[in-house]
Amino acid sequence: MSKMSNKYNKGQRMIRRFGAIPRLYHWVYVASFAVLLVSGLPKLFKGDEIKVIYNIFGGAAGAHLVHRIAAVVLMVAFPFSLAFDWKGMKKWLRELVDWRKRDFAFISVFPKEFFGLHAEFPPQGYLNGGTKINSILQIICCLGFSISGLAMWFPTVLPHELQLWMYPMHITFVCLSSAVVMGHIYLAALHPNAKGGLQGIITGYVPEFYAREHHGAWLDELIEENETLPADKKLIRSWDSEKGKVV
Amino acid sequence: MATLKYAKFVDTTKCDGCRACMVACKNWNDLPVDPKAFDGAFNGYDSHEKLTANTWNIIKYTEKTNNTRNEGLDWFIAHNSCFHCGVAACEKACPEGAISHTEFGSVVIDEEKCVACGYCVVNCTFDVIRLGERTVNGKKKKVSTKCTLCTDRLDNGLHPACVTACHTGSLEFGDRAEMLAKAEARLDEIKDRYPNAQIYNPEGVGETTMFYLLADKPETYGLPVNPKVPTSLKVWKDYAQPVGKLLFGATTMAVVAGVVSNQLFNPRAKGETHEGGHDHE
(Lines give C-alpha, C1' and ligand atoms only; values in the text may rest on other atoms or scores of the structure.)
Protein backbone atom coordinates (compact mmCIF):
# COMPACT_ATOMS: atom_id res chain seq x y z
CA MET A 1 0.00 0.00 0.00
CA SER A 2 2.65 2.45 0.98
CA LYS A 3 4.60 2.05 -2.26
CA MET A 4 1.42 2.51 -4.27
CA SER A 5 0.46 5.49 -2.13
CA ASN A 6 3.89 7.11 -2.50
CA LYS A 7 3.21 7.36 -6.21
CA TYR A 8 0.30 9.69 -5.57
CA ASN A 9 1.07 11.10 -2.15
CA LYS A 10 4.67 12.22 -2.48
CA GLY A 11 4.87 15.92 -1.75
CA GLN A 12 1.13 16.10 -1.15
CA ARG A 13 -0.74 17.36 1.88
CA MET A 14 -3.06 14.61 3.05
CA ILE A 15 -6.71 15.44 3.53
CA ARG A 16 -8.92 13.66 6.05
CA ARG A 17 -11.91 12.41 4.04
CA PHE A 18 -13.59 9.51 5.87
CA GLY A 19 -13.78 8.70 9.59
CA ALA A 20 -13.22 5.20 10.94
CA ILE A 21 -16.89 4.22 11.28
CA PRO A 22 -17.98 5.25 7.76
CA ARG A 23 -14.97 3.35 6.38
CA LEU A 24 -15.80 0.29 8.46
CA TYR A 25 -19.44 0.53 7.41
CA HIS A 26 -18.41 0.79 3.76
CA TRP A 27 -16.30 -2.36 3.91
CA VAL A 28 -18.76 -4.35 5.99
CA TYR A 29 -21.37 -3.43 3.37
CA VAL A 30 -18.98 -4.46 0.58
CA ALA A 31 -18.21 -7.81 2.19
CA SER A 32 -21.79 -8.69 3.07
CA PHE A 33 -23.05 -7.48 -0.31
CA ALA A 34 -20.49 -9.66 -2.10
CA VAL A 35 -21.42 -12.71 -0.02
CA LEU A 36 -25.12 -12.05 -0.61
CA LEU A 37 -24.59 -11.67 -4.33
CA VAL A 38 -22.57 -14.87 -4.68
CA SER A 39 -24.82 -16.97 -2.43
CA GLY A 40 -27.94 -15.65 -4.16
CA LEU A 41 -26.67 -15.86 -7.72
CA PRO A 42 -27.69 -19.51 -8.31
CA LYS A 43 -31.31 -18.40 -7.89
CA LEU A 44 -31.02 -16.15 -10.94
CA PHE A 45 -30.07 -18.78 -13.49
CA LYS A 46 -31.36 -22.29 -14.08
CA GLY A 47 -28.22 -23.73 -15.72
CA ASP A 48 -26.26 -26.47 -13.95
CA GLU A 49 -23.04 -24.44 -14.41
CA ILE A 50 -24.28 -21.71 -12.08
CA LYS A 51 -25.60 -24.20 -9.51
CA VAL A 52 -21.97 -25.18 -8.89
CA ILE A 53 -21.84 -22.05 -6.70
CA TYR A 54 -23.90 -23.94 -4.12
CA ASN A 55 -20.86 -26.18 -3.59
CA ILE A 56 -18.89 -23.24 -2.20
CA PHE A 57 -21.36 -23.22 0.69
CA GLY A 58 -21.56 -26.99 1.03
CA GLY A 59 -24.88 -27.16 -0.78
CA ALA A 60 -28.02 -25.10 -1.26
CA ALA A 61 -28.97 -25.22 2.43
CA GLY A 62 -25.54 -23.81 3.32
CA ALA A 63 -25.94 -21.07 0.71
CA HIS A 64 -29.32 -20.12 2.17
CA LEU A 65 -27.85 -20.00 5.68
CA VAL A 66 -24.85 -17.91 4.61
CA HIS A 67 -27.19 -15.62 2.63
CA ARG A 68 -29.24 -14.99 5.75
CA ILE A 69 -26.22 -14.42 8.00
CA ALA A 70 -24.75 -11.94 5.49
CA ALA A 71 -28.17 -10.28 5.22
CA VAL A 72 -28.29 -9.73 8.97
CA VAL A 73 -24.75 -8.29 8.93
CA LEU A 74 -25.66 -5.93 6.08
CA MET A 75 -28.86 -4.81 7.77
CA VAL A 76 -27.50 -4.24 11.28
CA ALA A 77 -24.37 -2.47 10.00
CA PHE A 78 -26.35 0.68 9.23
CA PRO A 79 -27.97 1.24 12.67
CA PHE A 80 -24.64 0.33 14.28
CA SER A 81 -22.86 2.96 12.22
CA LEU A 82 -25.51 5.51 13.13
CA ALA A 83 -25.14 4.67 16.80
CA PHE A 84 -21.34 4.83 16.83
CA ASP A 85 -20.82 7.77 14.52
CA TRP A 86 -23.99 9.77 14.41
CA LYS A 87 -22.07 12.90 13.38
CA GLY A 88 -20.24 11.32 10.46
CA MET A 89 -23.25 9.42 9.17
CA LYS A 90 -25.46 12.48 9.51
CA LYS A 91 -22.98 14.45 7.45
CA TRP A 92 -23.22 11.85 4.70
CA LEU A 93 -27.02 11.67 4.77
CA ARG A 94 -27.31 15.46 4.84
CA GLU A 95 -25.15 15.74 1.76
CA LEU A 96 -27.51 13.44 -0.09
CA VAL A 97 -30.46 15.79 0.24
CA ASP A 98 -28.41 18.91 -0.40
CA TRP A 99 -28.58 19.38 -4.18
CA ARG A 100 -26.94 22.43 -5.70
CA LYS A 101 -26.22 23.79 -9.15
CA ARG A 102 -22.72 22.30 -9.05
CA ASP A 103 -24.15 18.79 -8.59
CA PHE A 104 -26.29 19.09 -11.71
CA ALA A 105 -23.35 20.60 -13.57
CA PHE A 106 -21.30 17.53 -12.66
CA ILE A 107 -24.02 15.15 -13.79
CA SER A 108 -24.34 16.94 -17.13
CA VAL A 109 -20.70 16.23 -17.97
CA PHE A 110 -20.65 12.84 -16.24
CA PRO A 111 -20.83 10.76 -19.45
CA LYS A 112 -17.69 12.54 -20.73
CA GLU A 113 -15.94 11.84 -17.43
CA PHE A 114 -17.07 8.20 -17.51
CA PHE A 115 -15.54 7.58 -20.93
CA GLY A 116 -12.37 9.54 -20.20
CA LEU A 117 -13.02 12.59 -22.37
CA HIS A 118 -12.10 16.03 -21.10
CA ALA A 119 -14.85 17.14 -18.70
CA GLU A 120 -15.06 20.56 -17.04
CA PHE A 121 -17.19 20.93 -13.90
CA PRO A 122 -17.41 23.49 -11.09
CA PRO A 123 -15.70 22.66 -7.75
CA GLN A 124 -17.74 19.97 -5.99
CA GLY A 125 -18.76 19.53 -2.37
CA TYR A 126 -18.00 16.64 0.01
CA LEU A 127 -19.90 14.42 -2.42
CA ASN A 128 -20.31 15.29 -6.07
CA GLY A 129 -23.50 14.81 -8.10
CA GLY A 130 -22.37 11.37 -9.18
CA THR A 131 -21.45 10.06 -5.73
CA LYS A 132 -24.72 11.43 -4.40
CA ILE A 133 -26.66 9.44 -6.99
CA ASN A 134 -24.57 6.38 -6.13
CA SER A 135 -25.38 6.69 -2.42
CA ILE A 136 -29.06 7.50 -2.93
CA LEU A 137 -29.61 4.60 -5.31
CA GLN A 138 -27.73 2.24 -3.00
CA ILE A 139 -29.82 3.33 0.00
CA ILE A 140 -33.09 2.87 -1.92
CA CYS A 141 -31.94 -0.52 -3.21
CA CYS A 142 -30.73 -1.56 0.24
CA LEU A 143 -34.12 -0.73 1.73
CA GLY A 144 -35.84 -2.49 -1.16
CA PHE A 145 -33.92 -5.74 -1.05
CA SER A 146 -33.80 -5.79 2.76
CA ILE A 147 -37.56 -5.42 3.20
CA SER A 148 -38.38 -7.89 0.42
CA GLY A 149 -35.64 -10.24 1.61
CA LEU A 150 -37.02 -10.26 5.15
CA ALA A 151 -40.48 -10.97 3.73
CA MET A 152 -39.04 -13.89 1.77
CA TRP A 153 -37.36 -15.17 4.92
CA PHE A 154 -40.64 -15.00 6.85
CA PRO A 155 -43.18 -15.62 4.09
CA THR A 156 -46.28 -15.78 6.24
CA VAL A 157 -46.01 -12.40 7.94
CA LEU A 158 -47.35 -10.17 5.18
CA PRO A 159 -50.78 -10.59 3.59
CA HIS A 160 -50.43 -13.19 0.81
CA GLU A 161 -51.20 -10.78 -2.06
CA LEU A 162 -48.48 -8.41 -0.86
CA GLN A 163 -46.06 -11.24 -0.18
CA LEU A 164 -46.27 -12.33 -3.82
CA TRP A 165 -44.85 -8.95 -4.91
CA MET A 166 -41.79 -9.28 -2.64
CA TYR A 167 -40.12 -11.69 -5.08
CA PRO A 168 -40.07 -9.38 -8.13
CA MET A 169 -39.18 -6.53 -5.77
CA HIS A 170 -36.15 -8.40 -4.40
CA ILE A 171 -34.74 -9.23 -7.81
CA THR A 172 -35.35 -5.71 -9.14
CA PHE A 173 -33.45 -4.04 -6.32
CA VAL A 174 -30.68 -6.66 -6.35
CA CYS A 175 -30.05 -6.16 -10.06
CA LEU A 176 -30.24 -2.37 -9.81
CA SER A 177 -27.88 -2.25 -6.84
CA SER A 178 -25.45 -4.64 -8.57
CA ALA A 179 -25.40 -2.35 -11.60
CA VAL A 180 -24.78 0.63 -9.31
CA VAL A 181 -21.99 -1.25 -7.52
CA MET A 182 -20.42 -2.17 -10.85
CA GLY A 183 -20.42 1.49 -11.90
CA HIS A 184 -19.12 2.56 -8.49
CA ILE A 185 -16.18 0.13 -8.50
CA TYR A 186 -15.21 1.36 -11.93
CA LEU A 187 -15.48 5.06 -11.15
CA ALA A 188 -13.95 4.89 -7.69
CA ALA A 189 -11.18 2.37 -8.21
CA LEU A 190 -10.52 1.63 -11.86
CA HIS A 191 -11.07 4.93 -13.64
CA PRO A 192 -7.78 6.76 -14.40
CA ASN A 193 -9.18 9.97 -12.87
CA ALA A 194 -9.86 8.14 -9.60
CA LYS A 195 -6.15 7.55 -9.00
CA GLY A 196 -5.17 8.45 -5.47
CA GLY A 197 -8.77 8.42 -4.28
CA LEU A 198 -9.26 4.78 -3.37
CA GLN A 199 -7.00 5.14 -0.30
CA GLY A 200 -9.56 7.56 1.14
CA ILE A 201 -11.98 4.77 1.97
CA ILE A 202 -9.13 2.58 3.26
CA THR A 203 -6.91 4.94 5.29
CA GLY A 204 -9.29 7.87 5.60
CA TYR A 205 -6.92 10.29 3.81
CA VAL A 206 -6.64 11.40 0.18
CA PRO A 207 -3.84 13.44 -1.42
CA GLU A 208 -4.64 17.10 -1.85
CA PHE A 209 -4.60 17.02 -5.67
CA TYR A 210 -7.38 14.43 -5.59
CA ALA A 211 -9.47 16.44 -3.14
CA ARG A 212 -8.89 19.61 -5.17
CA GLU A 213 -9.90 18.00 -8.42
CA HIS A 214 -12.92 16.03 -7.26
CA HIS A 215 -14.19 18.00 -4.28
CA GLY A 216 -12.74 21.50 -4.63
CA ALA A 217 -15.49 23.35 -2.78
CA TRP A 218 -15.33 20.93 0.13
CA LEU A 219 -11.53 21.23 0.29
CA ASP A 220 -11.76 25.02 0.59
CA GLU A 221 -14.21 24.66 3.47
CA LEU A 222 -12.02 22.04 5.11
CA ILE A 223 -8.87 24.19 4.83
CA GLU A 224 -10.75 26.98 6.56
CA GLU A 225 -12.05 24.66 9.27
CA ASN A 226 -8.60 23.15 9.77
CA GLU A 227 -7.21 26.54 10.79
CA THR A 228 -9.43 26.56 13.85
CA LEU A 229 -8.63 23.03 15.01
CA PRO A 230 -6.09 22.15 17.72
CA ALA A 231 -2.90 20.48 16.53
CA ASP A 232 -3.92 16.94 17.45
CA LYS A 233 -7.22 17.22 15.58
CA LYS A 234 -5.94 18.64 12.31
CA LEU A 235 -7.74 17.38 9.21
CA ILE A 236 -4.80 18.18 6.98
CA ARG A 237 -1.65 16.17 7.55
CA SER A 238 1.55 15.38 5.67
CA TRP A 239 2.80 12.34 3.87
CA ASP A 240 5.99 10.72 5.10
CA SER A 241 7.50 9.10 2.03
CA GLU A 242 10.08 7.24 4.09
CA LYS A 243 7.56 5.61 6.41
CA GLY A 244 4.87 5.48 3.71
CA LYS A 245 2.16 6.87 5.96
CA VAL A 246 0.22 9.94 6.98
CA VAL A 247 1.93 11.83 9.82
CA MET B 1 -48.08 -24.38 -21.29
CA ALA B 2 -48.35 -28.10 -21.15
CA THR B 3 -50.70 -29.85 -23.56
CA LEU B 4 -53.03 -31.83 -21.38
CA LYS B 5 -53.98 -35.24 -22.78
CA TYR B 6 -55.21 -36.93 -19.64
CA ALA B 7 -57.43 -35.94 -16.77
CA LYS B 8 -58.35 -36.92 -13.24
CA PHE B 9 -62.05 -36.19 -13.09
CA VAL B 10 -63.48 -35.54 -9.63
CA ASP B 11 -67.26 -35.83 -9.62
CA THR B 12 -68.10 -34.32 -6.26
CA THR B 13 -71.73 -35.41 -6.54
CA LYS B 14 -70.65 -39.03 -6.24
CA CYS B 15 -68.31 -38.60 -3.27
CA ASP B 16 -69.57 -40.07 0.01
CA GLY B 17 -66.57 -38.86 1.99
CA CYS B 18 -65.23 -42.30 2.91
CA ARG B 19 -61.60 -41.06 2.80
CA ALA B 20 -60.37 -44.22 1.08
CA CYS B 21 -58.51 -41.94 -1.35
CA MET B 22 -56.62 -40.41 1.56
CA VAL B 23 -55.61 -43.79 2.92
CA ALA B 24 -54.61 -45.13 -0.50
CA CYS B 25 -52.47 -42.05 -1.11
CA LYS B 26 -50.64 -42.50 2.20
CA ASN B 27 -50.22 -46.17 1.50
CA TRP B 28 -48.81 -45.89 -2.01
CA ASN B 29 -46.64 -42.85 -1.36
CA ASP B 30 -45.33 -44.08 2.00
CA LEU B 31 -46.51 -40.96 3.75
CA PRO B 32 -46.48 -41.12 7.54
CA VAL B 33 -49.54 -40.48 9.65
CA ASP B 34 -50.26 -36.84 10.26
CA PRO B 35 -51.84 -36.91 13.73
CA LYS B 36 -54.32 -34.13 14.30
CA ALA B 37 -56.34 -33.76 17.45
CA PHE B 38 -59.82 -32.34 17.19
CA ASP B 39 -59.47 -28.66 17.90
CA GLY B 40 -62.77 -27.30 16.76
CA ALA B 41 -60.91 -24.78 14.66
CA PHE B 42 -62.71 -25.73 11.47
CA ASN B 43 -65.97 -27.44 10.70
CA GLY B 44 -65.28 -30.49 12.81
CA TYR B 45 -65.70 -33.05 10.03
CA ASP B 46 -62.49 -32.59 8.05
CA SER B 47 -59.56 -34.70 9.22
CA HIS B 48 -57.14 -31.88 8.41
CA GLU B 49 -57.83 -28.27 7.70
CA LYS B 50 -55.32 -28.05 4.88
CA LEU B 51 -52.99 -30.26 2.87
CA THR B 52 -49.66 -30.95 4.58
CA ALA B 53 -46.26 -32.27 3.59
CA ASN B 54 -47.44 -35.78 4.53
CA THR B 55 -51.08 -35.54 3.57
CA TRP B 56 -51.39 -34.94 -0.15
CA ASN B 57 -55.12 -35.22 -0.41
CA ILE B 58 -57.95 -34.53 1.97
CA ILE B 59 -61.72 -34.74 1.89
CA LYS B 60 -63.38 -31.42 2.58
CA TYR B 61 -66.90 -31.41 3.98
CA THR B 62 -69.19 -28.42 3.69
CA GLU B 63 -72.61 -28.49 5.24
CA LYS B 64 -74.91 -25.94 3.67
CA THR B 65 -78.58 -25.14 3.30
CA ASN B 66 -79.72 -26.05 -0.16
CA ASN B 67 -82.31 -23.34 -0.64
CA THR B 68 -83.17 -24.40 -4.14
CA ARG B 69 -84.68 -27.67 -2.97
CA ASN B 70 -85.90 -26.34 0.32
CA GLU B 71 -85.04 -29.66 1.83
CA GLY B 72 -82.85 -28.51 4.66
CA LEU B 73 -79.13 -29.16 4.78
CA ASP B 74 -76.92 -30.64 2.10
CA TRP B 75 -73.39 -31.99 2.14
CA PHE B 76 -70.87 -30.75 -0.38
CA ILE B 77 -67.96 -33.11 -0.21
CA ALA B 78 -64.85 -32.83 -2.33
CA HIS B 79 -61.59 -34.68 -2.69
CA ASN B 80 -58.90 -31.98 -2.58
CA SER B 81 -55.32 -32.29 -3.84
CA CYS B 82 -52.93 -30.81 -6.41
CA PHE B 83 -54.71 -29.61 -9.56
CA HIS B 84 -51.69 -30.18 -11.81
CA CYS B 85 -52.27 -26.87 -13.61
CA GLY B 86 -51.60 -26.57 -17.33
CA VAL B 87 -49.69 -23.37 -16.55
CA ALA B 88 -48.27 -24.20 -13.14
CA ALA B 89 -47.25 -21.20 -11.04
CA CYS B 90 -45.03 -23.47 -8.95
CA GLU B 91 -43.09 -24.54 -12.04
CA LYS B 92 -42.64 -20.94 -13.14
CA ALA B 93 -41.59 -19.79 -9.67
CA CYS B 94 -39.00 -22.54 -9.15
CA PRO B 95 -35.49 -21.11 -9.63
CA GLU B 96 -33.94 -24.56 -9.75
CA GLY B 97 -35.88 -26.06 -12.64
CA ALA B 98 -36.96 -28.74 -10.17
CA ILE B 99 -40.65 -28.68 -11.11
CA SER B 100 -41.87 -29.98 -14.45
CA HIS B 101 -44.80 -31.44 -16.38
CA THR B 102 -44.86 -35.09 -17.33
CA GLU B 103 -46.48 -36.55 -20.43
CA PHE B 104 -49.53 -37.30 -18.25
CA GLY B 105 -50.01 -33.63 -17.43
CA SER B 106 -48.91 -34.20 -13.86
CA VAL B 107 -46.68 -31.58 -12.26
CA VAL B 108 -43.83 -33.26 -10.40
CA ILE B 109 -41.01 -32.12 -8.13
CA ASP B 110 -37.47 -33.39 -8.56
CA GLU B 111 -36.37 -33.81 -4.94
CA GLU B 112 -32.70 -33.90 -5.92
CA LYS B 113 -32.90 -30.49 -7.57
CA CYS B 114 -35.23 -28.94 -4.99
CA VAL B 115 -33.48 -26.63 -2.49
CA ALA B 116 -36.54 -25.90 -0.34
CA CYS B 117 -36.52 -22.16 -1.08
CA GLY B 118 -40.30 -22.24 -0.78
CA TYR B 119 -41.00 -19.96 -3.75
CA CYS B 120 -43.43 -22.58 -5.12
CA VAL B 121 -45.22 -22.79 -1.77
CA VAL B 122 -45.99 -19.08 -1.76
CA ASN B 123 -46.86 -18.85 -5.45
CA CYS B 124 -49.04 -21.97 -5.78
CA THR B 125 -52.46 -20.84 -7.00
CA PHE B 126 -54.31 -23.38 -4.86
CA ASP B 127 -52.15 -23.42 -1.70
CA VAL B 128 -51.21 -27.05 -2.25
CA ILE B 129 -47.42 -27.30 -1.90
CA ARG B 130 -45.73 -27.73 1.48
CA LEU B 131 -42.15 -28.03 2.65
CA GLY B 132 -41.32 -31.29 4.36
CA GLU B 133 -38.37 -33.45 5.31
CA ARG B 134 -37.42 -36.34 3.02
CA THR B 135 -34.50 -38.71 2.65
CA VAL B 136 -32.88 -37.99 -0.70
CA ASN B 137 -29.86 -40.06 -1.76
CA GLY B 138 -29.53 -41.30 1.81
CA LYS B 139 -29.48 -37.79 3.28
CA LYS B 140 -32.27 -36.02 5.08
CA LYS B 141 -33.22 -32.75 3.47
CA LYS B 142 -36.09 -30.33 3.25
CA VAL B 143 -37.97 -30.37 -0.03
CA SER B 144 -41.22 -29.17 -1.52
CA THR B 145 -43.84 -31.87 -1.50
CA LYS B 146 -47.26 -32.48 -3.02
CA CYS B 147 -49.41 -34.99 -4.88
CA THR B 148 -47.58 -36.49 -7.88
CA LEU B 149 -50.78 -37.81 -9.48
CA CYS B 150 -49.02 -41.14 -8.80
CA THR B 151 -46.90 -40.56 -11.89
CA ASP B 152 -44.92 -43.67 -10.95
CA ARG B 153 -48.13 -45.71 -11.21
CA LEU B 154 -49.15 -44.00 -14.47
CA ASP B 155 -45.73 -44.88 -15.89
CA ASN B 156 -46.59 -48.52 -15.22
CA GLY B 157 -50.05 -48.43 -16.74
CA LEU B 158 -51.88 -48.09 -13.42
CA HIS B 159 -54.28 -45.40 -12.28
CA PRO B 160 -53.49 -43.03 -9.40
CA ALA B 161 -53.92 -44.77 -6.03
CA CYS B 162 -56.80 -42.49 -5.00
CA VAL B 163 -58.70 -43.26 -8.21
CA THR B 164 -58.20 -47.01 -7.78
CA ALA B 165 -59.43 -46.84 -4.19
CA CYS B 166 -62.55 -44.78 -4.90
CA HIS B 167 -65.57 -47.05 -4.55
CA THR B 168 -68.26 -44.64 -5.74
CA GLY B 169 -66.69 -43.64 -9.04
CA SER B 170 -66.24 -40.10 -7.83
CA LEU B 171 -62.62 -40.22 -9.00
CA GLU B 172 -61.77 -41.29 -12.50
CA PHE B 173 -58.64 -41.06 -14.61
CA GLY B 174 -58.37 -41.32 -18.38
CA ASP B 175 -58.33 -39.65 -21.75
CA ARG B 176 -59.00 -35.96 -21.25
CA ALA B 177 -61.64 -35.52 -23.95
CA GLU B 178 -63.47 -38.57 -22.66
CA MET B 179 -63.38 -37.31 -19.07
CA LEU B 180 -64.61 -33.85 -20.09
CA ALA B 181 -67.46 -35.41 -22.09
CA LYS B 182 -68.40 -37.50 -19.04
CA ALA B 183 -68.42 -34.41 -16.90
CA GLU B 184 -70.66 -32.53 -19.34
CA ALA B 185 -73.10 -35.44 -19.46
CA ARG B 186 -73.15 -35.71 -15.68
CA LEU B 187 -73.67 -31.96 -15.37
CA ASP B 188 -76.82 -32.28 -17.49
CA GLU B 189 -78.07 -35.04 -15.21
CA ILE B 190 -77.66 -33.08 -11.99
CA LYS B 191 -78.64 -29.58 -13.13
CA ASP B 192 -82.17 -29.92 -11.82
CA ARG B 193 -81.07 -30.97 -8.39
CA TYR B 194 -78.04 -28.64 -8.23
CA PRO B 195 -78.75 -25.53 -10.32
CA ASN B 196 -75.38 -23.99 -9.40
CA ALA B 197 -73.49 -27.08 -10.52
CA GLN B 198 -70.54 -26.43 -12.82
CA ILE B 199 -67.37 -27.86 -14.23
CA TYR B 200 -64.32 -26.36 -12.52
CA ASN B 201 -61.45 -26.47 -14.99
CA PRO B 202 -60.02 -22.95 -14.70
CA GLU B 203 -58.60 -21.36 -17.82
CA GLY B 204 -56.59 -18.82 -15.79
CA VAL B 205 -54.08 -21.58 -15.03
CA GLY B 206 -54.20 -23.14 -18.48
CA GLU B 207 -56.89 -25.64 -17.35
CA THR B 208 -56.05 -28.37 -14.86
CA THR B 209 -55.31 -32.07 -15.12
CA MET B 210 -57.44 -32.65 -12.04
CA PHE B 211 -60.77 -30.99 -12.69
CA TYR B 212 -64.05 -30.96 -10.79
CA LEU B 213 -67.71 -31.30 -11.38
CA LEU B 214 -68.96 -29.16 -8.50
CA ALA B 215 -72.50 -29.38 -7.20
CA ASP B 216 -72.39 -25.75 -6.15
CA LYS B 217 -70.40 -22.55 -6.69
CA PRO B 218 -66.62 -22.82 -6.19
CA GLU B 219 -66.87 -20.62 -3.08
CA THR B 220 -68.89 -23.34 -1.33
CA TYR B 221 -65.85 -25.62 -1.60
CA GLY B 222 -63.42 -22.87 -0.60
CA LEU B 223 -62.06 -22.74 -4.14
CA PRO B 224 -60.96 -19.50 -5.82
CA VAL B 225 -63.54 -18.26 -8.33
CA ASN B 226 -61.07 -17.08 -10.98
CA PRO B 227 -57.76 -18.72 -10.16
CA LYS B 228 -54.83 -17.52 -12.22
CA VAL B 229 -51.07 -17.48 -12.34
CA PRO B 230 -50.16 -14.51 -10.08
CA THR B 231 -49.45 -11.30 -12.00
CA SER B 232 -46.52 -10.72 -9.65
CA LEU B 233 -45.02 -14.01 -10.83
CA LYS B 234 -45.22 -12.90 -14.47
CA VAL B 235 -43.69 -9.52 -13.55
CA TRP B 236 -40.95 -11.34 -11.64
CA LYS B 237 -39.99 -13.97 -14.19
CA ASP B 238 -40.91 -12.33 -17.50
CA TYR B 239 -39.87 -8.73 -16.80
CA ALA B 240 -37.96 -8.01 -13.56
CA GLN B 241 -35.50 -10.90 -13.88
CA PRO B 242 -34.60 -10.51 -17.59
CA VAL B 243 -34.55 -6.70 -17.41
CA GLY B 244 -32.44 -6.84 -14.24
CA LYS B 245 -29.91 -9.15 -15.87
CA LEU B 246 -29.89 -6.87 -18.91
CA LEU B 247 -29.28 -3.82 -16.72
CA PHE B 248 -26.35 -5.52 -15.02
CA GLY B 249 -25.01 -6.66 -18.39
CA ALA B 250 -25.41 -3.19 -19.88
CA THR B 251 -23.52 -1.60 -16.97
CA THR B 252 -20.75 -4.13 -17.36
CA MET B 253 -20.54 -3.35 -21.07
CA ALA B 254 -20.48 0.38 -20.31
CA VAL B 255 -17.61 -0.16 -17.88
CA VAL B 256 -15.68 -2.20 -20.47
CA ALA B 257 -16.35 0.54 -23.05
CA GLY B 258 -15.24 3.12 -20.46
CA VAL B 259 -11.95 1.30 -19.85
CA VAL B 260 -11.25 1.13 -23.59
CA SER B 261 -12.33 4.73 -24.16
CA ASN B 262 -10.11 5.95 -21.30
CA GLN B 263 -7.16 4.11 -22.79
CA LEU B 264 -7.76 5.95 -26.04
CA PHE B 265 -8.67 9.45 -24.88
CA ASN B 266 -7.64 9.95 -21.26
CA PRO B 267 -3.96 10.99 -20.97
CA ARG B 268 -3.89 9.73 -17.37
CA ALA B 269 -4.61 6.21 -18.47
CA LYS B 270 -1.27 6.39 -20.24
CA GLY B 271 0.50 7.09 -16.98
CA GLU B 272 0.42 10.88 -16.85
CA THR B 273 -0.11 12.28 -13.38
CA HIS B 274 -2.12 15.15 -12.05
CA GLU B 275 0.81 17.43 -12.60
CA GLY B 276 0.77 16.71 -16.29
CA GLY B 277 4.05 14.87 -16.15
CA HIS B 278 4.64 11.15 -15.90
CA ASP B 279 4.31 8.94 -12.88
CA HIS B 280 7.33 8.80 -10.63
CA GLU B 281 7.35 5.04 -10.56
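The legends below accompany several close-up views of a predicted model.

**View 1. Chain A as a whole, with its 12 helices and 4 strands.** Welcome to the first stop, chain A. Its C-alpha atoms fill a box of roughly 60 × 40 × 40 Å, taken along the principal axes. Of the 247 residues in chain A, 32% are buried. Contacts that reach across the sequence are well represented here: among those between residues at least 6 apart, 64% join residues at least 24 apart.

**View 2. Domain 1 and domain 2 of chain A, side by side.** The C-alpha centres of the two domains lie 21 Å apart. Where they meet, 13 residues of domain 1 are in contact with 13 residues of domain 2. On the domain 1 side, the elements that give two or more residues are helix 6 (86-97), helix 8 (129-153) and helix 10 (166-190) of chain A. The residues on that side divide into 7 nonpolar and 6 polar, with no charged residue among them.

**View 3. The open sheet of chain A, with 4 strands in antiparallel pairing.** Reading across the sheet, the strand order is 2-1-3-4. Strand 2 (205-207) and strand 4 (245-246) of chain A are the edge strands, each pairing on one side only. Look next at strand 3 (residues 236-240) of chain A, which runs antiparallel to strand 4 and is joined to it by 2 bridges.

**View 4. A:Ser108 in helix 7 of chain A.** Helix 7 spans residues 101-114. Is A:Ser108 buried or exposed? A:Ser108 counts as exposed because it has 12 C-beta neighbours inside 10 Å, and a residue is exposed if that number is 12 or fewer. For a sense of distance, pick out A:Val174 as well: it is 66 residues from A:Ser108 along the chain, and the C-alpha atoms of the two are separated by 27 Å.

**View 5. The contact between chain A and chain B, seen through its residues.** How many residues does the contact take from each chain? It takes 33 from chain B and 32 from chain A. On the chain B side, helix 3 (119-123) and helix 7 (231-265) of chain B are the elements that give two or more residues. Helix 7 of chain B gives the most, with 18 residues. By class, this side of chain B has 15 nonpolar, 14 polar and 4 charged residues.

**View 6. An open sheet of chain B, with 4 strands in mixed pairing.** Our last stop has the strand order 8-1-10-9. At its edges are strand 8 (171-175) and strand 9 (198-200) of chain B, each of which pairs on one side only. The twist averages 25° from one strand to the next. Strand 9 and strand 10 (residues 210-214) of chain B pair in the antiparallel sense over 3 bridges. A handy landmark is B:Tyr200, whose bridge partner in strand 10 is B:Tyr212. Helix 6 (residues 176-190) of chain B packs on this sheet, touching strand 1 (6-11), strand 8, strand 9 and strand 10 of chain B. The direction of helix 6 makes about 20° with that of strand 1 of chain B.

Notes:
Residues numbered from 1 in each chain as written. Chains lettered and ligands numbered in written order. Predicted model: local features only at pLDDT ≥ 70, side-chain atom pairs only at ≥ 80, totals over all residues. Buried ≥ 20, exposed ≤ 12 C-beta atoms within 10 Å, placed from the backbone. Contact = placed C-beta atoms within 7 Å. Nonpolar A, V, L, I, M, F, W, Y, C, P; charged D, E, K, R; others polar. Pairing = 2+ DSSP bridges. Domains from an automatic or database assignment. Axes fitted to C-alpha atoms, helices over the stretch in contact; angles between N-to-C directions.
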